[in-house]
Amino acid sequence: MTNNREHWSEDERVLLVAILDQLIPANEEKKIPSAGDPGTALYLAGIAAGDDQIGTLFARGLKRAAELSNTTGGAFVSLNNSEQIAVIRQLEEAEPAFFEALLRHTYMAYYSRPDIRALLGLLAKPTQPDGYDVPSETPEFMAELTAPVRRRGQVYRAC
Amino acid sequence: MSYEPVDVLIIGAGAAGAAIAWSLVETRMRILCLEQGPHVHDKDYPSRNQDYELSRYGDFSCDPNVRKLPQDYPINSADSEITPVNFNAVGGSTVNFLGHWPRMHPSDFRARSLDGVADDWPVDYATLAPFYDMNDRITGVSGLGGNPAYPDYKPPLPPIPIDKLGQTLARGFNALGWHWWPSDVAILSQDYDGRTKCVNAGTCDLGCAAGAKGGTNFTYWPILENAGVELKTGCRVREILVDEDTGFATGVLYHGPDGQVHEQKAEMVIVACNGVGTPRLLLNSKSKLFPDGLANRSSQVGRNLMFHPLTGVTGIFDEPMEGFKGPMACSILSQEFYESDPNRDFVRGYGLHSGRYTTPMTYALGGYGVDDPIAWGREHREKFDDLYPYSAGLTVVTEDLPEEKNTVTLDPDLTDSDGIPAPKIDYTVGDNTWKMIAHGEAGAEKALIAAGAKRIVGKGGDKVWWRAGWHQMGTCRMGSDPERSVVNGWGRTHDVKNLFIVDGSIFVTSGAVNPTSTIQALALFIGDSIKNNIANLFD
Ligand SMILES: Cc1cc2nc3c(=O)[nH]c(=O)nc-3n(C[C@H](O)[C@H](O)[C@H](O)COP(=O)(O)OP(=O)(O)OC[C@H]3O[C@@H](n4cnc5c(N)ncnc54)[C@H](O)[C@@H]3O)c2cc1C
Ligand code: SF4
């Protein structure tokens, strides 16, 4: 099996990272990075290296992406933003199985990152054992909130 | 190898198997439980791992067709609108279940008399009420007493926090004058019985490493193993054997962890393999006496499969709802539309469930129970920045009516790793249910807007959630007529007098609530009936 890091050629890696940048773009204001970071690409390399079928699918998909961008005007990274988006839309049509797998694994790789979780307000660390601090409502508060429901009375059929 | 007979052989160590074992333990009979899965230790639960969300799509998926672990059996759902999901281990599906714990209503046991559909159960709510209470105490149930949707009862522990999300929706229901109530949950709001309270981790489906969720691996099984109930894991039952002369069950053949087939003899066999696993096992137990499957003279084994078809509606609020905090499926429940109303175009009813929201990866992949990744590109960013944090949803959980055409049969080709035929599901959502879903979506939208939602997104459209066959019922139903049912009013099969079934397959109707509280209350009731009839149990 190929080493994850070396799974793709440099050209393939650069192309993939640029596509990932488009799939999940950054939010500069909130300092949320795009998916085109080394971690996500490495995860995808691991998936492709570990499963021949996905490996072949990804190799074919990336080759097709390179062809589509060349027809549009050159290497994918040299295209402007709207041209890149147009190429990805063509790719989605032309290689649906690849695109579906790419999107799914990109989402899985990106959102499994602790730093991304933290930027979305979740714990960076695992949810157990500490969890989140959520205060209990007081009995008085619940009594007040449920008062209209209790006032209305029984809502089931006795039988 | 053939083993000496035990008094009671239970197949399946999930919710139902554990409850009936507990009920029978005081008889001092020799009880053995065979479970195809292993013990899964809480230190191995994915919620303790950094990449915990990934396991939801791998070996802790609720879908056995995704997990593909050695203890799982594949399920052919190509001809079904919903795929059954489960977990195969000590604790069964309560290892990854979500702990929502509503009871059925009294009227659920009387659908034929009250509404002219389906059949009445041979037991009623009043009979089960003490067993619901008993099970709640053993499980450690949290909730608020005085719910006007039920005859009076009080859960042993105070409610878990409903938090901002639950409070917001509750105010919406109040504004409409609609029923809602904090959910009953099999989740500890306080330390209880040597177990620690819920820490609001929000990943209940990945196993509750805190032990706060009432999976039977934390509740019943430690008590049972201490009391001397024998539990053999890694043992998959292939077939239940019958004596051709007496017509009694004599025991089972099972595949042991050594890969060999063994025979275990027993005086009494109790099946607790869940609503798909149980009919599968009976249908695979063919003999001269029962050429169409064991206890199947009525031809009802595997028919009338019911799920709770469901869909969700999401509202977008002004403030962050923090829906990833707290038990994932439990906050509040509205039963405004639970009971039949002649003014509606459907019979029976549904619940509007407010779980919490979900974690980012699952949101990106379409939501829990759904396979439909959200858009990429700018739209993706907008969804995560402008919608996800501000989302709160209501799930429309409908009552499914029994229909003979919805079946579990044996697949002619597909098998599990021991070569046992896999179950095949044929299931379509009924017209009555579709009408409920349409009504429920409109109701959910109204409630969300009344609660302050500025926009409504994510209505289900013309599909129900696919990976949401959490509740499997009806496939060996109860009844007093042996021509039309598989077990009698206390779980004994009509055809084989020492064979009992205790899981959701014996449900006559599904109600519109999560079933496990009722499954276990029923198992305790059946255990009690066995004890009461012990002198002439097999007459
Ligand atoms: C993701 C998820 C969420 C859920 N959420 C809720 C909820 O919030 N509230 C609720 O009420 N319910 C919920 N449920 C449903 C609940 O888990 C089930 O109703 C309950 O566990 C059923 O109990 P059971 O004993 O019939 O089956 P299970 O608990 O599934 O146990 C059956 C056991 O039998 C074993 N078995 C099957 N066949 C064989 C065989 N041939 N040989 C040996 N062993 C066998 C299995 O391995 C399994 O351990 C959920 C389920 C899932 C999967
Ligand atoms: S939210 Fe509570 S019940 Fe659910 S996994 Fe966390 S601690 Fe357990």
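A polar contact here is a pair of N or O atoms within 3.5 Å; within protein, one must be able to donate a hydrogen and the other to accept it, and residues adjacent in sequence count only if both atoms are side-chain atoms. The model is predicted, with local features needing pLDDT of at least 70 and side-chain atom pairs counting only at pLDDT 80 or more, while totals for chains, interfaces and linings use all residues. Residues are numbered from 1 along each chain as its sequence is written, chains are lettered from A and ligands numbered from 1 in the order in which they are written, and side-chain values use heavy atoms, with hydrogens and water left out.

Select ligand 1, then Asn88(B), whose side chain places an N or O atom 3.1 Å from an oxygen atom of the ligand.

Turn next to the interface, where 65 residues of chain B and 53 residues of chain A are in contact (heavy atoms within 4.5 Å). In chain B, select Gln50(B), Trp376(B) and Arg381(B), which lose the most area to chain A and together give 17% of what that side buries (accessible area, 1.4 Å probe, lost on putting two parts together, summed over both).

Finally, select Arg104(A) and Asp371(B), which form a salt bridge with their closest N and O atoms 3.9 Å apart (a side-chain nitrogen of Lys or Arg within 4 Å of a carboxyl oxygen of Asp or Glu); the interface has four salt bridges by this rule.
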